[in-house]
Amino acid sequence: MSDNENDNVQPKNEDPAAPINIKVVTSQGEEVFFKIKRNTKLSKLQGAYASKVGKDVGSIRFLYDGNRLHEDDTPATLDMEEGDTIDVMVEQVGGTVL
Amino acid sequence: MPGCFDDDDMPELFPDDSPDFHRPDRQDDRLRARFAPPPPYDCDVPPSYPDPPLYEDLRALQGGSSGSGFSTHRTPVWDELLISSRDWLNSLRSNSTGRTATLASQCLDRIGQLPPDELLDCFSSQSALTTTLCLELLGDHWLRDEHILAGLEFVEQRLGPESRTVFMPPWHMLNLSMYRQRAAGPYNPSRPRLREPAIASGHADIVVLPALVHGNHWVIFYVDTRAATIRYADSLSPCGAPDAAMLSDLRWWLAGLLPDRNFNVVEHTSPRKG
């Protein structure tokens with residue numbers, strides 16, 4: 001989902017075979033673009049991204065609209081639109097020394 | 001999400017049936033450290049935030065707020081987790097009485113039967129809490145965002161479906177920073193995000209937001225939407241002020257959801273260290 005785009009609503013492409021462009025963005029603003037069919041599992045995108053950055057996919061959090069992506073999510077099930085953004089961040093760990 | 005905890009299953013967080021917990025002749029350092037009363041706070045002494053046990057995989061995409069001097073540790077394996085969990089449960093069983101001791105015994109009896117890395121379906125797929133993460137919690141490992149989210153879900157389940165308290169996930173504050181960088185002006189997403197309809201429609205009186213600061217320490221923001229106040233709790237720095245950028249992002253978000261309110265920070269004193 002993009003911010004502040006209420007006046008730019010486009011008709012949705014409902015063809016499940018039609019690819020859409022998805023942007024994966026880190027908290028530092030680095031962007032990687034993916035073209036993916038609407039019925040393709042986003043886990044494929046996650047794996048490709050992790051491979052691209054050379055990290056274990058389990059160590060990265062993929063979020064769409066603030067929600068963590070699930071194994072079976074696809075652009076169609078999430079009602080994603082052309083140019084939507086997936087946020088990516090590292091797992092957070094905090095504590096104190098006992 | 002259906003609740004999965006019965007009252008009868010609930011251990012007491014600080015068991016009052018265990019008078020031995022603070023006895024000086026008890027020599028279990030770990031237990032004393034976990035349950036000892038907090039030392040008096042000195043607001044003139046700056047807090048010390050320890051280096052985190054950063055696991056190897058977590059170096060990816062690490063944000064700029066992280067401290068320096070990280071050492072890398074491999075992710076604990078199942079057998080090590082079982083040992084540390086059993087240590088903790090044995091300590092608990094030896095140093096407590098009543099229901100707490102009984103629960104510790106029951107856990108010790110069953111812990112060996114746990115399958116590694118299996119999702120616990122009484123928590124949401126968002127928290128993705130696994131048996132492995134549960135064992136981390138029983139040992140001395142630091143808290144991952146899955147632990148924090150599962151803890152919030154636990155409280156949410158206890159409060160019940162009529163609760164007017166909303167818990168945001170532990171990555172929300174980081175998300176806000178990202179949203180704000182992209183937005184040209186006020187917070188105005190093209191469609192509502194997680195939990196936002198309840199807040200914007202006035203169905204949430206309290207919004208609880210955990211956040212990671214200094215790359216290694218969990219703090220919490222507590223927003224009272226009716227009083228338009230923000231409280232901040234940091235167990236390592238109870239007199240400290242919230243991170244200015246985080247507070248600014250939070251106000252930006254709240255202004256987008258509740259534009260008729262001007263949120264002020266009010267003082268909060270952390271009840272205990274940990």
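Guide: Of the 274 residues in chain B, 44% count as buried, and please keep in mind as we go that this is a predicted model. Chain B has 8 helices and 8 strands. Among its contacts between residues at least 6 apart in sequence, 62% join residues at least 24 apart.

Now to the core you asked about. The largest nonpolar core has 28 residues, and those touching the most other members are B:Ile199, B:Leu209, B:Phe221, B:Leu250 and B:Trp253. Two or more residues come from each of these elements of chain B: the helices α6 (172-182) and α8 (244-257), and the strands β5 (206-213), β6 (217-224) and β7 (229-233).

Leaving aside residues up to four places away in sequence, B:Ile199 touches B:Val166, B:Met168, B:Ala204, B:Val207, B:Trp253, B:Leu257 and B:Leu258. One of these partners, B:Trp253, is itself among the core residues that touch the most other members.

There is also a second, separate core, made of 17 residues, including A:Ile20, A:Ile22, A:Ile60 and A:Val88. In chain A, residues 20-95 carry the UniProt annotation "domain: Ubiquitin-like", taken from an unreviewed entry. Over residues 20-95, chain A is 16% helix and 38% strand, and the end C-alpha atoms lie 41 Å apart.

How values were computed
Residues numbered from 1 in each chain as written. Chains lettered and ligands numbered in written order. Predicted model: local features only at pLDDT ≥ 70, side-chain atom pairs only at ≥ 80, totals over all residues. Heavy atoms only, no water. Core = buried A, V, L, I, M, F, W, Y, C linked by side-chain atoms within 4.5 Å. Buried < 20%, exposed > 50% of the residue type's maximum accessible area, 1.4 Å probe, protein only. Helix = DSSP H or I, 4+ residues; strand = E, 2+ residues; numbered from the N terminus. Contact = heavy atoms within 4.5 Å. UniProt positions renumbered as here; feature names shortened; annotations may be inferred.
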